[in-house]
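Let's take a walk through this structure together, starting with the small molecules and ending with two spots along the chain. Keep the 3D view open as you read.

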Amino acid sequence: MIYHPEKYKIPDRPMEPFIDPEEIWSYIDGVKPTRERVLEVINRSLNKHRLSLEETAVLVNTTDPELVELIKQGARMLKQKIYGNRIVLFAPLYIGNYCTNNCVYCGFRISNRDVERVTLSDEEIRQQVEALEDNGHKRLILVYGEHPKYSPEFIAHTVRVVYSIKKGKGEIRRVNINAAPLDIEGYKVVHQAGIGTYQIFQETYHPGIYDKLHLAGKKKDYEWRLTALDRALEAGIDDVGIGALFGLYDWRFEVLALIRHVNHFEAAYNVGPHTISFPRLQNAANIQMDKQWLVSDEDFTKLVAILRLAVPYTGMILTAREPAHIRDEIMQFGVSQIDGGTNIEMKGYTEKKEDQDLKREQFEIHDTRSLAEVIDELFDQDMLPSFCTACYRVGRTGEHFMEFSVPGFIKRYCTPNAILTLAEYLEDYARDGLKEKGYKIIEKSLQTLPENFRQGVVKKLERIKHGERDLYY
Ligand code: SAM
Ligand code: SF4
């Protein structure tokens with residue numbers, strides 16, 4: 001496949017061929033990790049430097065179990081040193097699964113005749129969102145197939161509908177999007193609806209493999225997808241999320257390519273991506289795929305630790321594709337967001353069934369715990385669940401970067417806002433035992449704040465207990 005990096009060039013922006021498979025392979029083939037070098041690279045990350053391709057290659061090539069453990073330890077230390085024990089909770093909501101593409105790994109691909117196709121009406125969106133609000137959610141990611149039905153205007157409309165739905169004390173305060181690439185005008189339309197992050201995964205960064213896995217439709221155009229988030233940034237969307245679908249090709253290649261994509265954003269826009277996602281391939285309806293590149297649990301946990309160290313300033317998103325035990329381990333490497341109470345079947349939040357129905361979902365998930373169960377487990381691990389949406393709403397975009405780079409930012413904003421949004425959850429949605437556990441975590445977290453902030457937060461907590469909502473810094 002010929003790769004034309006200039007095809008979708010944005011005027012006045014550098015758009016060099018930032019994914020060059022030969023260059024990436026030359027790092028993977030050329031770098032030999034020694035103990036000294038691995039330690040040096042880990043330390044560079046702990047000193048808050050983003051790693052270069054060569055440094056990341058040192059880590060992806062490390063196989064000595066003792067050194068791999070040091071990489072994981074490094075990721076845990078970075079999390080402790082910079083991010084602390086907060087974890088932000090969200091839920092996905094599939095709006096429509098019509099799709100004109102034929103991605104071989106996906107249950108929604110056009111050639112899968114068995115799937116039930118649905119586009120939620122405004123009323124159906126209301127039912128799903130009310131169910132999510134009844135569970136305590138405040139942040140959603142809306143997901144769409146690629147289809148003429150899902151125009152920028154349609155996407156913007158659905159975002160506005162979601163923001164307008166309020167049930168009891170429930171409301172959705174941040175709506176993120178995962179949808180097909182748009183042009184700059186399209187992104188402007190979606191931006192005006194007040195979205196948070198626009199997320200698109202490249203699936204595989206290898207152009208040849210990409211071509212083989214995307215059999216038809218607009219998604220076949222590798223460069224249109226690779227340059228999508230450039231257009232989103234150009235249109236004024238500040239927070240963009242990248243990702244690769246692990247299991248399509250060699251995971252080491254995808255990790256380095258993700259870092260190369262990050263370099264590109266830094267060079268062209270002076271910002272990195274807001275989040276990195278690392279979905280791992282799951283079973284889906286009628287899929288028949290080469291299993292050669294499936295990623296083992298061992299490699300998967302390692303690669304997440306490497307991503308944490310390689311780009312220490314981004315948010316990292318871990319989804320319910322993974323089973324609870326893997327999520328628990330990986331969370332300790334500095335994941336910033338997880339979903340909870342997830343159901344990805346169309347209309348799944350109101351039409352719940354015992355077993356998953358692959359005819360109604362894109363792929364199988366492995367963490368089917370309710371939001372309350374996830375929160376309960378987070379408490380057991382001494383984590384502080386957060387529903388905070390403050391930065392986005394007061395225009396502090398790029399909050400993950402600020403958490404990382406602005407001294408005192410976490411203590412000043414993130415921890416207080418996590419405490420306040422958790423208290424809202426406990427007051428409005430938690431049963432008794434969970435409420436008690438939650439207030440213990442809040443008490444502990446208050447002690448980590450400087451005295452002058454603590455008093456202010458305690459006063460706001462009292463106001464929440466008396467029925468006020470949506471208090472934040
Ligand atoms: N249709 C849009 C697109 O492809 O960009 C929306 C995204 S899709 C609904 C969300 C993501 O799910 C895809 O980008 C892909 O990475 C992931 N995905 C698709 N099939 C999957 C599977 N079998 N297992 C795990 N993740 C999968
Ligand atoms: Fe459509 Fe996205 Fe599935 Fe591809 S991954 S078939 S674009 S829904």
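Start at ligand 2. The residues around it, meaning those with a heavy atom within 4 Å of the molecule, are C99, N101, C103, C106, F108, R109, G145, K219 and Q362. Sorted by class, this shell holds four nonpolar, three polar and two charged residues. In this sorting, Ala, Val, Leu, Ile, Met, Phe, Trp, Tyr, Cys and Pro count as nonpolar, Asp, Glu, Lys and Arg as charged, and the others, Gly among them, as polar.

Before we go on, a word about what you are looking at. This is a predicted model, in which local features need pLDDT of at least 70 and side-chain atom pairs count only at pLDDT 80 or more, while totals for chains, interfaces and linings use all residues. Residues are numbered from 1 along each chain as its sequence is written, chains are lettered from A and ligands numbered from 1 in the order in which they are written, and side-chain values use heavy atoms, with hydrogens and water left out.

Where does ligand 2 sit? Ligand 2 is in the largest cavity. A cavity is a set of points, on a 1 Å grid over the protein atoms alone, where a 1.4 Å probe fits but cannot get out; a molecule sits in one if more than half of its atoms lie within 2 Å of its grid points.

Now turn to ligand 1. It has 18 residues around it, and Y105, E203, K219, R225 and Q282 come nearest. Its shell is made up of nine nonpolar, four polar and five charged residues. Look next for polar contacts, which are pairs of N or O atoms within 3.5 Å. A polar side-chain atom of K219 is 2.9 Å from an oxygen atom of ligand 1. On the backbone side, a polar atom of Q282 lies 2.9 Å from a nitrogen atom of the ligand, and a polar backbone atom of Y144 lies 3.1 Å from a ligand nitrogen. The protein covers 96% of the 560 Å² of accessible area that ligand 1 has on its own, an area computed by the Shrake-Rupley method with a 1.4 Å probe.

Finally, visit N270, in the loop between α11 (251–269) and β8 (275–277). N270 is not a glycine, yet has a positive phi of about 65°. D382, in the loop between α14 (371–380) and β11 (384–386), also has a positive phi of about 65° without being a glycine.

Note on methods: On a 1 Å grid over the protein atoms alone, a cavity is a set of points where a 1.4 Å probe fits but cannot get out, and a pocket is an open set with protein on both sides within 12 Å along at least five of seven lines; lining residues have an atom within 4 Å of a point. A polar contact is a pair of N or O atoms within 3.5 Å; within protein, one must be able to donate a hydrogen and the other to accept it, and residues adjacent in sequence count only if both atoms are side-chain atoms. Helices (H or I, at least four residues) and strands (E, at least two) are DSSP runs, numbered from the N terminus.
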